[in-house]
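Biologist: I would like to learn how to read the packing of helices in a model. Could you take me through it step by step?

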Amino acid sequence: MSSHSSPHSSLRSLTLIDTWPVPTAAAAVVRADGTVLGTHGPVGHRFPLASVTKPLAAYAVLVAYEEGGIELDEPAGPPGTTVRHLLAHTSGLAFDEPRTTSAPGERRLYSNAGFEALGDHVAKAADMPFAEYARQAVLEPLGMTSTTLAGSPAKDGVSTVADLTRFAAELQSPRLLDPRTVAEATTVQYPGTKGVLPGYGHQNPNDWGLGFEIRDGKSPHWTGASSSPRTFGHFGQSGTFLWVDPAAGAACVALSDRAFGAWAVEAWPPFTEAVLTELRG
């Protein structure tokens, strides 16, 4: 993507990350054609992604689906559970351990264990470790040379803002997947399902796609007040987020090295608002 080597126009809104109470932060905004509208901070710095690992892992799962290695509605994980249930956090698996707490499709139980089950399922189908499959299926084709997904496909990814702008452009204008697959992944699965959005409490409904959280009408939320209901993405407990707002025609990546907490709940929505206002301006 040639735009990554060209000078970036600046978005003043991105400088708000300088006010965050974090040691290091970097951010960028990218359009569907890969044009980076602005960056701020060390875009080549490698940050632990925590749960921003999940959209990358989900994309690799979807590549495996399109390649015919797996089916979305085939059994995976606990009895009665499918690949789709695992991607949509409706498998009934507990947050961080492989035990079932409810029936498949019943509740939106955000689950790292579910993504670990997905990784195992794809690794078995592809006959290679999941991290290697993801590298070949997603990271390498997108030129994400500073990103690794070793360890848990739920939370152990490490990446840079520069690499994630490539992924954010792909989400808006897919090359690795059929656009219809990405549309499905960013459409609510099991509508009306309630559950807890980590850090933001009980949401009814707690809408989710296939590996992507969907904003819809959630309140409180980590995006902005004027973020469109179609906004999708993910945030991570390491102080990281990536959102795509189709109405704004852009995506934003922000990575930091301070764990998610009250500071992020306060800082992130006004930051996103400032970005959206500047994009509209």
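Modeller: Let us begin with a term: two residues are in contact when heavy atoms of theirs lie within 4.5 Å. Please keep in mind that this is a predicted model.

Biologist: Which residues of helix α4 are buried?

Modeller: In general, an α-helix has 3.6 residues a turn, so residues three or four places apart point the same way. Here, in α4, which covers residues 130-139, the buried ones are Phe-130, Tyr-133, Ala-134, Ala-137, Val-138 and Leu-139. Seen down the axis of α4, these buried residues fall within an arc of 160°, so they line one face of the helix.

Biologist: What do the buried residues of α4 pack against?

Modeller: Their partners are α1 (53-66) and α3 (112-126).

Biologist: At what angle do α1 and α4 pack?

Modeller: Two packed helices are described by the angle between their axes and the distance between the axes. For α1 and α4 the angle is about 75° and the axes are 9 Å apart, which means that α1 is roughly perpendicular to α4. On the α1 side, residues including Ala-57, Val-61 and Ala-64 meet residues of α4, among them Phe-130 and Ala-137. The residues of this contact of α1 with α4 comprise eleven nonpolar, no polar and no charged.

Biologist: How many residues has the largest nonpolar core?

Modeller: In soluble globular proteins, nonpolar side chains tend to be buried together. The largest nonpolar core here has 56 residues, and Leu-87 and Leu-164 have the most contacts inside it. The largest share of this core, nine residues, is supplied by α1.

How values were computed: Residues are numbered from 1 along each chain as its sequence is written. This is a predicted model: local features need pLDDT of at least 70, side-chain atom pairs count only at pLDDT 80 or more; totals for chains, interfaces and linings use all residues. Side-chain values use heavy atoms; hydrogens and water are left out. Buried means under 20% relative accessible area, exposed over 50%, partly exposed in between (1.4 Å probe, protein chains only). Helices (H or I, at least four residues) and strands (E, at least two) are DSSP runs, numbered from the N terminus. The arc is that of the directions from the helix axis to the C-beta atoms. A nonpolar core is a set of buried Ala, Val, Leu, Ile, Met, Phe, Trp, Tyr and Cys residues joined through side-chain atoms within 4.5 Å. Axes are lines fitted to C-alpha atoms, for helices over the stretch in contact, and angles run from 0 to 180 degrees between N-to-C directions. Angles under 35 degrees count as roughly parallel, over 145 as roughly antiparallel, 65 to 115 as roughly perpendicular and the rest as oblique. Ala, Val, Leu, Ile, Met, Phe, Trp, Tyr, Cys and Pro count as nonpolar, Asp, Glu, Lys and Arg as charged, and the others, Gly among them, as polar.
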